[in-house]
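This briefing goes with the structure shown below. Please keep the view open while reading the points that follow.

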Amino acid sequence: MTTALLEIQGLSVQYGRNMALKDFSLRVGAGQLIAVLGANGAGKSSLLKTIAGLVRPASGSLALEGRDLHRASASERVARGIALVPEGRWILVSMSVHENLLMGAWCRKGAVPAGELEAIYARFPNLASRRHMPAAVLSGGEQQMLAIGRALLSRPRLLLLDEPSLGLSPLLVQQLFTLIRDLNQEGLSMILVEQNIRKALQVAHRVHVLELGREVAHGEPQSLMASSALHEAYLGRARPAP
Ligand code: ATP
């Protein structure tokens with residue numbers, strides 16, 4: 001078997017006595033899009049934060065292209081190609097759109113080539129026309145695009161998306177998932193945490209389902225759609241369309 005881009009084995013995450021994630025394993029191959037699904041409190045954000053180096057695991061191993069990540073700081077992980085787009089976006093609304101975007105390149109050496117910035121603006125025309133305005137003027141959907149654009153400026157090989165569609169209108173959710181599919185088809189590997197099960201199943205190559213920190217199912221989207229595990233993990237909250 002070829003070396004995975006990301007290999008996680010037996011990962012557990014604990015906050016005090018609260019076990020957020022228990023003995024979780026996952027493999028992301030080059031170019032793959034992996035969806036992690038589950039209801040609130042399932043441990044999805046804890047997983048992404050642990051991969052990004054923001055939370056230290058209680059046990060288990062993480063390796064990027066076969067190299068252990070255990071001792072790598074969050075900034076070293078960004079430099080090695082892991083970028084997190086956090087839930088809530090973490091946009092600095094008093095700073096300009098352009099300044100927010102540039103923050104994605106903070107761990108890179110040297111100035112960002114103008115062509116690279118223009119490529120981001122070409123992908124997100126709504127950001128281009130407001131580049132010198134405070135990010136506060138952006139809608140929720142535009143702020144989500146800014147958070148993704150900022151992550152792209154770190155030149156990631158693995159993009160971690162935490163609930164990107166949260167709070168967006170159906171039209172913007174559609175645009176967001178078109179972007180996610182495009183980025184993946186351009187070769188970017190991703191782990192997508194989503195509450196929009198139907199959309200996540202449409203773009204994912206593999207799916208892991210968590211319930212209260214434990215994996216209750218994993219497999220290809222088609223097989224999970226047919227199983228009851230996914231529905232039970234949400235207790236009927238948001239059943240995927242047939
Ligand atoms: P949500 O969609 O609500 O964010 P999630 O699946 O992302 O849910 P996590 O945020 O990873 O779940 O939370 C998993 C468990 O860990 C929950 O019981 C949560 O209350 C707890 N938890 C998360 N962060 C912390 C923290 N910083 N300190 C203590 N407990 C935490």
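N100 is buried, with a relative accessible area of 0%; buried means under 20% relative accessible area, exposed over 50%, and partly exposed in between, with a 1.4 Å probe and protein chains only. The model is predicted: local features need pLDDT of at least 70, side-chain atom pairs count only at pLDDT 80 or more, and totals for chains, interfaces and linings use all residues. Residues are numbered from 1 along each chain as its sequence is written, and side-chain values use heavy atoms, with hydrogens and water left out.

- N100 lies in helix α3, residues 97-102; helices (H or I, at least four residues) and strands (E, at least two) are DSSP runs, numbered from the N terminus.
- Setting aside neighbours within four places in sequence, N100 has contacts with I91, L92, M95, A135, L146 and R150, where contact means heavy atoms within 4.5 Å.
- V28 belongs to strand β2.
- The relative accessible area of V28 is 0%, so V28 is buried.
- Not counting residues up to four places away in sequence, V28 touches A4, L5, L6, I34, L158, S189, M190 and I191.
- V28 and V93 are 65 residues apart along the chain, and their C-alpha atoms are separated by 33 Å.

**The ligand and its surroundings**

- There are 14 residues around the ligand, and G41, G43, K44, S45 and S46 come nearest; a residue is near a molecule or strand if one of its heavy atoms lies within 4 Å of it.
- A polar backbone atom of G43 is 2.9 Å from an oxygen atom of the ligand; a polar contact is a pair of N or O atoms within 3.5 Å, and within protein one must be able to donate a hydrogen and the other to accept it, while residues adjacent in sequence count only if both atoms are side-chain atoms.
- S46 has a polar side-chain atom 2.6 Å from an oxygen atom of the ligand.
- In the side chain of E163, an N or O atom is 3.3 Å from an oxygen atom of the ligand.
- On its own the ligand has 620 Å² of accessible area, and the protein covers 62% of that; accessible areas come from the Shrake-Rupley method with a 1.4 Å probe, and for residues only the protein chains shown count as cover.
- Two or more residues of the shell around the ligand come from each of β2 (18-28) and α1 (44-52).
- α1 gives three residues, the largest share of the shell around the ligand.
- By type, the shell around the ligand has four nonpolar, seven polar and three charged residues; Ala, Val, Leu, Ile, Met, Phe, Trp, Tyr, Cys and Pro count as nonpolar, Asp, Glu, Lys and Arg as charged, and the others, Gly among them, as polar.

**Helix α1**

- Seven of the nine residues of α1 are buried, which leaves the helix mostly covered.
- The buried residues in α1 are K44, S46, L47, L48, T50, I51 and A52.
- G53 follows α1 and has a positive phi, near 85 degrees.

**The open antiparallel sheet**

- Strands of a sheet pair through backbone hydrogen bonds, either parallel or antiparallel.
- An open sheet is formed by four strands in the order β2-β1-β4-β5, with antiparallel pairing; two strands pair if DSSP finds at least two bridges between them.
- β2 and β5 (67-68) are the edge strands, and each pairs on one side only.
- Strand β1 (residues 6-15) runs antiparallel to β2 and is joined to β2 by seven bridges.
- Q14 has M19 in β2 as its bridge partner.

- Why is strand β3 (residues 33-37) largely enclosed by the rest of the structure? Five of its five residues are buried.
- From β3, L33, A35 and L37 point one way and I34 and V36 the other way, and all are buried.
- Strand β8 (residues 189-193) pairs with β3 in the parallel sense over four bridges, and I191 in β8 is the bridge partner of I34.
- Strand β9 (residues 206-211) runs parallel to β3 and is joined to β3 by four bridges, with V209 in β9 opposite L37.
- β8 is also largely enclosed by the rest of the structure, because five of its five residues are buried.
- On one side of β8 are S189, I191 and V193 and on the other M190 and L192, all buried.
- Five bridges pair β8 with strand β7 (residues 158-162) in the parallel sense, and L160 stands opposite I191 in β8.
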